[in-house]
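Subject: Structure handover

Hello,

Here is the structure I promised to pass on. Please open it beside this message, and then read my notes below.

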Amino acid sequence: MLAPHLILLLCFSLSLFFFVLCVLQRSQLRLLGYRWFLFHIFFSVPLVNITSARAERISIAEKVKMEKVKRYLRSCGADYIIPKICEFPESCATAELAAGRLSCSPAMIAKSLSFTLMWKKGGADRIPIVILASGDAKVNNNKYRSKFARRPVMIRREEVEELVGFAPGGVCPFGVNENVRIYLDISLRRFETVHVAAGTANSTAPMSIKELERFSGFVEWVDVCDGWTE
């Protein structure tokens with residue numbers, strides 16, 4: 001997406017071009033130029049302002065989520081991890097994108113998979129869970145059902161932030177809502193260090209498996225994924 005100032009510059013350049021052209025051409029073109037100039041003044045500038053305001057709101061929301069993660073890490077004595085958090089100008093919301101930013105294997109990305117355990121038909125009592133798994137692993141339905149006695153039901157994208165506490169792409173185990181249960185899949189055990197989301201879609205934090213066990217507040221290790229190799 002173009003930056004707001006680039007959009008403004010482009011619109012202004014086009015407006016100036018048409019205005020000069022119409023001064024040199026016949027009256028009909030001059031009228032067209034005036035109309036384009038008015039369009040630029042009354043439409044494109046407000047559009048840029050709206051785009052800027054939206055970008056600012058997103059930026060503020062991301063800062064709030066990042067601060068939430070930092071508060072959690074401080075509360076559990078993991079202050080030393082905060083300086084290691086990496087923030088990127090582009091998204092690293094998927095294992096592939098994060099691996100590209102960090103120049104590592106996607107398998108070393110601890111992706112967060114959000115599900116709900118529904119104990120009553122209709123989902124009246126939903127318990128949100130987050131499973132951290134290796135970036136190259138995929139949930140196996142049979143393994144999941146064997147572990148949780150329920151078929152896997154992923155949380156809908158528009159409900160993730162409300163139920164878990166973080167928006168899609170930034171879900172992490174640090175500072176989630178109180179009723180969220182965290183599980184670690186054994187696919188992560190292949191590595192000494194993995195990269196975990198840090199609350200936003202453009203941030204990650206490197207953590208050893210021992211640190212992940214200590215600071216994630218996880219319930220237990222589970223074996224619910226396949227597709228990965230030792």
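F115, Y144, F148 and Y183 form one aromatic cluster. Rings of Phe, Tyr and Trp (its six-membered ring) pair if their centres lie within 6.5 Å; planes under 30 degrees apart count as stacked, over 60 as edge-to-face and the rest as tilted.

Before the details, a word on the source. This is a predicted model, in which local features need pLDDT of at least 70 and side-chain atom pairs count only at pLDDT 80 or more, while totals for chains, interfaces and linings use all residues. Residues are numbered from 1 along each chain as its sequence is written, and side-chain values use heavy atoms, with hydrogens and water left out.

Aromatic pairs

How many aromatic pairs does a search of the whole structure find? The count is six. One of the pairs joins Y80 and F215: the ring centres are 6.4 Å apart and the planes stand at 65°, so the pair is edge-to-face. This pair links distant parts of the chain, 135 residues apart. Y80 is in the loop between α2 (27-75) and β1 (86-87), and F215 is in helix α6 (residues 209-215). Helices (H or I, at least four residues) and strands (E, at least two) are DSSP runs, numbered from the N terminus.

Are Y80 and F215 buried or partly exposed? Y80 is partly exposed, with a relative accessible area of 37%. F215 counts as buried, at 1%. Here buried means under 20% relative accessible area, exposed over 50%, and partly exposed in between (1.4 Å probe, protein chains only).

F115 and Y144 form a tilted pair, with 5.1 Å from centre to centre and 45° between the planes. This pair also links distant parts of the chain: F115 in strand β2 (residues 109-118) and Y144 in helix α4 (residues 141-148), 29 residues apart. Both residues are buried.

Around I129

I129 is in strand β3. At 0% relative accessibility, I129 is buried. Contact means heavy atoms within 4.5 Å. Not counting residues up to four places away in sequence, I129 touches L113, S114, F115, L117, Y144, F148, R181 and Y183.

Strand β5

Four of the five residues in strand β5 (residues 181-185) are buried. Two strands pair if DSSP finds at least two bridges between them. Strand β3 (residues 126-134) runs parallel to β5, joined by four bridges. In that pairing, V130 stands opposite I182. Strand β8 (residues 220-222) is also parallel to β5, with three bridges. There, D185 has V222 as its bridge partner.

Around S216

Where does S216 lie? S216 is in the loop between α6 and β8. S216 is buried, with a relative accessible area of 2%. A polar atom of the S216 side chain lies 2.6 Å from the backbone oxygen of L212. The S216 side chain also reaches the backbone nitrogen of F218 at 3.4 Å. Leaving aside neighbours within four places in sequence, the contacts of S216 include Y72, P173, F174, I182, L184 and E211.

Charges over rings

A charge sits over a ring if NZ of Lys or CZ of Arg is within 6 Å of the ring centre and within 35 degrees of the ring normal. The charged end of K68 is placed this way over F166, 4.6 Å from the ring centre. For R189 over W221, the distance is 4.4 Å.

Best wishes

Conventions
A polar contact is a pair of N or O atoms within 3.5 Å; within protein, one must be able to donate a hydrogen and the other to accept it, and residues adjacent in sequence count only if both atoms are side-chain atoms.
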